[in-house]
Structure formats: C-alpha cells, structure tokens
Amino acid sequence: MEEQELNYIKVRAGTSRDEDSYKTDANLSDQGRLYAEKMGRVLLQHREKERQDLKARGGPDIPLKPLRVWTSTRRRTIETADWLYEQGYSVRQRTQLSQLNPGVCEKMSERRIRAEMPEEVAKHEADPYHHRYPRAESYHDLAVRLEPIILELERQQDDLLIIAHESVLRVLYGYLMACNATDIPSLSFPRNEIVEIIPASYNNEATSIRVPDLPPEIIPSSPEDLEIPVPPSEGPSGAATPMVLGTPRISPKSGTPRITTTSPNDGLLTPQGSGEGSLLLVERALRD
C-alpha cells in the first residue's frame with residue numbers, strides 16, 4: 001500500500017511596489033496580490049489531486065499531511081503567504097531566508113557595473129559562486145546563512161512551502177538537488193512554476209507545477225532584484241553553466257504539463273534526503 005510522501009515546495013514571492021530595491025521593504029503590488037492567490041489555489045488543487053491519485057492507486061484514504069509555510073521577514077514574501085494564512089495554514093517567518101545582499105550594486109545596470117568595476121566583474125565571471133561585490137554577499141555567504149534552515153527542513157515531517165527571493169531558491173535547490181556550486185548563480189525560477197522536491201534516499205526528484213494565466217511581464221526569472229551580471233556559459237572556462245529543471249513534458253499521471261528531473265550524483269553539494277516529505281519553493285513579490 002502506498003503512503004504519502006513528504007514534499008518540499010518552493011515558490012517565488014509576488015511582485016512588489018519597488019521591484020529593484022534591496023533596501024526598500026516594499027509591499028506587494030496589485031499584480032503581486034493576484035499572483036499570491038492564484039499560486040495558492042494552484043498549489044492546494046495540486047495537493048488534493050495528488051491525494052486522489054494516491055487513493056486511486058490503492059493507497060489509504062487519509063487526510064493530506066499538514067502544509068507549513070516559511071517566508072523571509074520581507075513584506076513581499078509575507079504578503080505572498082497571506083492568502084494561504086487566511087485559509088488556515090501555518091506561516092512562519094525566517095530571517096535567514098532574506099535575499100542575497102547586492103551591496104554597492106543595488107539598482108546598478110550591468111553596463112554601469114562593467115564600466116565602473118571591471119576588475120570586480122572579472123573576478124565575478126571567474127567564480128560567480130564565491131565572489132562578492134563590495135559590501136555585498138556571495139552565494140557562498142548566502143549558503144552559510146541558510147545552513148540552519150537546511151538542517152531544520154531535513155527534520156521536517158510535514159510538507160513545507162518556502163516563499164523566498166530567487167537567490168535563496170537557487171541555493172536551496174542547489175543543495176537539495178546536488179548541483180555543482182558554479183551552476184547555482186544561473187538557476188532560473190520563473191513565477192509561473194512552483195517547484196516541488198520529493199526527498200529520496202539517493203536522488204531527490206524535482207517537478208514543476210505550472211501556474212497558468214499569469215501576466216507575461218511577471219513571469220521571467222528575476223534579474224536578482226540586483227543587476228549583478230552572471231556570465232554565459234563558455235564551456236571549460238570556469239564560467240557558470242545555466243541549469244534548467246528539464247524538458248517540459250505531459251505527465252502520464254495527471255495530464256498536466258510538468259518538468260521533471262532527478263538530482264545528479266556528481267554535485268558539490270550533497271543533500272541527505274529523508275524520503276519522508278516534499279518541499280515547495282515559491283518566491284518574489286510583484287512590484288509596480
């Protein structure tokens with residue numbers, strides 16, 4: 001008899017009223033609030049469908065595992081969780097889930113960064129995971145900050161939804177899916193996807209749950225809310241290689257478009273999957 005699996009679910013926050021500012025703790029825009037509700041509805045529908053599919057395969061007709069929600073302390077992530085909170089779900093704010101600090105590069109265009117800091121750009125292109133711009137954090141710094149979160153989520157027995165900035169989702173996904181460190185700065189999480197990760201003993205599995213009918217302007221992956229350049233792949237040069245979740249296909253179980261991949265075995269980050277749940281990742285607020 002099949003049992004329910006533990007899921008980690010990750011999603012970007014909605015857009016906020018000051019999308020390009022790190023220092024400004026802006027509220028969600030109107031589009032951001034609409035996104036938050038639509039995302040929440042899609043997620044709950046997906047969970048119920050998974051329960052019905054489990055029952056149809058001979059599994060027990062039991063309630064779903066509780067869903068817990070973690071956000072950062074930034075308003076846009078908290079407000080993205082408001083609709084789920086109103087439905088009765090537990091929401092917890094975690095300071096460690098705040099986005100990567102861009103330092104002096106906040107609101108600077110890539111052209112300006114390259115013109116004013118060519119030596120820093122060269123260092124960044126050589127090692128985008130460890131390099132930090134002046135008064136900024138590197139992705140390695142962010143990973144160290146997230147270590148207590150990672151240790152705690154591995155002990156979770158309930159399904160967990162994480163609403164965070166895309167920089168945070170990159171690090172968490174990179175850890176759980178054993179990505180190479182050099183790939184992490186290039187991971188992409190568009191807003192019309194909820195990433196679900198199901199832990200297993202050896203290879204975790206990630207699937208993408210589509211959020212349909214979003215305005216096209218809010219879907220693209222984040223310019224990191226800080227326009228720090230990430231170099232394109234140039235083969236063996238050491239530049240980051242963009243990583244995507246996989247090739248869209250139609251799931252034979254649900255008939256809905258999904259993206260599926262399993263974690264590689266050669267990654268520099270090695271998760272210790274419990275096989276007991278799943279994680280949902282969601283982030284970024286919609287801003288005017």
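**Surface and overall make-up**

Modeller: The accessible surface of the protein comes to about 13,000 Å², and carbon and sulfur atoms account for 49% of that area. Keep in mind that this is a predicted model.

Colleague: What share of the residues counts as buried?

Modeller: Of the 288 residues in the protein, 54% count as buried.

Colleague: And how many helices and strands are there?

Modeller: The protein has eight helices and twelve strands.

Colleague: Among contacts between residues at least 6 apart in sequence, what percentage join residues at least 24 apart?

Modeller: That figure is 76%.

Colleague: Let's take helix 1. How many residues does it have, and how far does it reach?

Modeller: Helix 1 covers residues 30-56, which is 27 residues. From its first C-alpha to its last it reaches 39 Å, close to the 39 Å expected at 1.5 Å a residue.

Colleague: Which of its residues are buried?

Modeller: In helix 1 the buried residues are G32, Y35, A36, M39, G40, V42, L43, H46, R47, R51, D53 and L54.

Colleague: What comes just after helix 1?

Modeller: G58, which takes a positive phi of about 95°.

Colleague: Which residues have a positive phi although they are not glycine?

Modeller: K107 and A178 are two to look at. Most residues other than glycine have a negative phi. K107 has a phi of about 65°, and it lies in the loop between strand 4 (90-93) and helix 4 (110-116). A178 has a phi of about 55° and lies in the loop between helix 8 and strand 6.

Colleague: Is A178 buried or exposed?

Modeller: A178 is buried, because its relative accessible area is 7% and the cut-off for buried is under 20%.

Colleague: Aromatics next. How many aromatic pairs are there?

Modeller: The count comes to one aromatic pair. Y173 and F189 form it, edge-to-face, with 5.6 Å from centre to centre and 70° between the planes.

Colleague: Which parts does that pair tie together?

Modeller: Y173 lies in helix 8 (residues 166-176) and F189 in the loop between helix 8 and strand 6 (193-198), so the pair ties together parts that are 16 residues apart in sequence.

Colleague: Are those two buried or exposed?

Modeller: Y173 is buried, with a relative accessible area of 3%. F189 counts as buried at 4%.

Colleague: What lies over the face of W70?

Modeller: R94 does, at 4.7 Å from the ring centre.

Colleague: Last topic, P220. Where is it?

Modeller: P220 is in the loop between strand 7 (205-210) and strand 8 (249-250). With a relative accessibility of 45%, P220 counts as partly exposed.

Colleague: How far is P220 from N192?

Modeller: In sequence, P220 and N192 are 28 residues apart. In space they are 8.4 Å apart, C-alpha to C-alpha.

Note on methods
Residues are numbered from 1 along each chain as its sequence is written. This is a predicted model: local features need pLDDT of at least 70, side-chain atom pairs count only at pLDDT 80 or more; totals for chains, interfaces and linings use all residues. Side-chain values use heavy atoms; hydrogens and water are left out. Helices (H or I, at least four residues) and strands (E, at least two) are DSSP runs, numbered from the N terminus. The expected span of a helix is 1.5 Å times one less than its number of residues. Buried means under 20% relative accessible area, exposed over 50%, partly exposed in between (1.4 Å probe, protein chains only). Contact means heavy atoms within 4.5 Å. Accessible areas come from the Shrake-Rupley method with a 1.4 Å probe; for residues, only the protein chains shown count as cover. Rings of Phe, Tyr and Trp (its six-membered ring) pair if their centres lie within 6.5 Å; planes under 30 degrees apart count as stacked, over 60 as edge-to-face and the rest as tilted. A charge sits over a ring if NZ of Lys or CZ of Arg is within 6 Å of the ring centre and within 35 degrees of the ring normal.
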